[in-house]
Amino acid sequence: CRYGGPSHEEAATETARSMRRTNPNVKNTFYYKSDIDAEFQICSDAGPVFEKHPDWRFGDNYVNASSPSFRRFWADHLLRLARETDEADATKPLFDAFYIDGLGGPPPFPTVDGLDHDQSLAYFEGMREMTLDLQNALDDLGYGQIAIANGLDDPAGLPDHSSFAPSSMIDHFAIIQFLNRDNGKWLLEPMRKLLFDVARSPINDNRTIIIKGWPGPIIDQRDIWPNNTQPKTDEGMRRAAAKMLNSALALFLLVAEDNVWFSYSWFWDASDYIPFGKNHTCPDNFYPVFECPLGEPLGPPKETEGAQYEYTREYQHATVYVDLKDRNATYVAWHSGDSEHCPGSVDAENPTEMEDGRNDGTILSKNFRNGLKLGASISME
């Protein structure tokens, strides 16, 4: 859109329709960077209306979410997309969810660069009211759509998130603030709280939780490992994405329930999620572990007796091992399936080598009964 193309709403809608034509069961999520006024100024077909209201801005870059008229405008704008229906089934919405980024952390809210304290407080509180208003309007539509709030990373954020959204993304799952920045090792107690006090909190029992998995020890964005040791080429990033998946998947499966989903990529571009374009970082062989059987969990996670910060969990067709002291001892071992792609499984002739196989394969989301299934995201950026 910055170069004379369609607006981001038009582009996202057509992309979502194209994906549904390819796979009628795909779930489309519309991404929105809600705090930055450039979303409206640069690419949105609502930009001309936004430009007529200078009172809808805070400072140079932020929307004035404290303004009731802006909140109505914002919700009405997204509801136009929420009313779009599937070409093949008019009772089915084109977009199943609206992913709201830029909400900030839990109270007490920080002072935002370029805003004073009172403006910052009004901004964060307004963002939450805005998201809650959107969810109420989505409920009234009756399609079962949800608003997904980004930025749930610690237990203090749970009461906050659950007060205004039925769904949250744990964006920095096991990266950045959960790592020793010098060596990339997990910080034990923060990781334990992330897994059991956030991801498996009873507060989330009736909510949808999305876990964002990452390749390796990312200590900073974008894609930075300790001492700048991350791969430097697209091919190297593709190999690392395949190799590192199993440990990321183990963390997810340790805490997963039917309401918990998983995504995995280097960053947020389409080329990070799928082998799309010349410079994609997703492996060319798109994650054959999707074909590995998983089955139902046979119980909750268990802490290994006499070994603090070590856990296991059994599934019908796999065992999950997590050792927060050792990333290499954190993996999924399959009991059955194609031994070439399901680490730990054994066929008649060729058992998979677990030492390397721990970190082969990937997943974008889960379904216990049918193995693994895909989700999709349409970005406004």
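**View 1. Asp223 sits in the loop between S7 and H8.** Helices and strands here are DSSP runs, numbered from the N terminus, with at least four residues of type H or I for a helix and at least two of type E for a strand. This is a predicted model, where local features need pLDDT of at least 70 and side-chain atom pairs count only at pLDDT 80 or more, while totals for chains, interfaces and linings use all residues. Residues are numbered from 1 along each chain as its sequence is written, and side-chain values use heavy atoms, with hydrogens and water left out. Asp223 has a relative accessible area of 9%, so it goes down as buried. (Buried is under 20% relative accessible area, exposed is over 50%, and partly exposed is in between, with a 1.4 Å probe and protein chains only.) Setting aside neighbours within four places in sequence, Asp223 is in contact with Ile218, Gln230, Met237, Trp266 and Phe267; contact means heavy atoms within 4.5 Å.

**View 2. The loop between S7 and H8 also holds Arg222 and Asn227.** Look at the link between Gln221 and Arg222: that peptide bond is cis, with omega about 15 degrees. Asn227 is not a glycine, yet its phi is positive, at about 55 degrees. With 66% relative accessibility, Asn227 counts as exposed, whereas Asp223 is buried.

**View 3. Strand S7 pairs with S6 and with S8.** Why is S7 called largely enclosed by the rest of the structure? Because five of the six residues of this strand (residues 208-213) are buried. The chain gets from S6 to S7 through helix H7 (residues 188-199), and this β-α-β crossover is right-handed. Right-handed means that, with the strands pointing away from the viewer, the path from the first strand over the helix to the second runs clockwise. S6 (residues 167-170) and S7 run parallel and are joined by four bridges; two strands pair if DSSP finds at least two bridges between them. Met169 has Ile210 in S7 as its bridge partner. Strand S8 (residues 260-264) also runs parallel to S7, this time with five bridges, and here Ile209 is partnered by Val260 in S8.

**View 4. Ala174 and Arg181 are both found in the loop between S6 and H7.** Ala174 is another residue other than glycine with a positive phi, near 65 degrees. It is buried, at 6% relative accessible area. Is Arg181 buried or partly exposed? Arg181 is partly exposed, with 43% relative accessible area. Beyond its neighbours within four places in sequence, Arg181 is in contact with Ile176, Ile219 and Pro226. Arg181 and Asp220 are 39 residues apart in sequence, and their C-alpha atoms are 8.6 Å apart in space.

**View 5. Ile100 belongs to strand S4 (residues 97-101).** Ile100 has 0% relative accessibility and so counts as buried. Not counting residues up to four places away in sequence, Ile100 touches quite a list, including Tyr32, Trp74, Leu134 and Ile148. From Ile100 to Gly151 it is 9.5 Å, C-alpha to C-alpha, with the two 51 residues apart in sequence. A cis peptide bond joins Pro107 to Pro108, with omega about 0 degrees.

**View 6. Four strands form an open sheet in the order S9-S10-S11-S12, with antiparallel pairing.** The edges are strand S9 (302-303) and strand S12 (331-334), each pairing on one side only. Inside the sheet order, S10 (residues 310-314) and S11 (residues 318-323) share five bridges in the antiparallel sense. Glu314 stands opposite Thr319 in S11. Helix H8 (residues 234-255) lies across S10, S11 and S12 and runs at about 85 degrees to S12. (Axes are lines fitted to C-alpha atoms, for helices over the stretch in contact, and angles run from 0 to 180 degrees between N-to-C directions.)

**View 7. Stepping back, the protein has 10 helices and 15 strands.** Of its 381 residues, 52% count as buried. The mean pLDDT is 87, and 88% of the residues reach 70 or more; pLDDT is the predictor's confidence in each residue, from 0 to 100. Over residues 348-381, pLDDT stays under 50.
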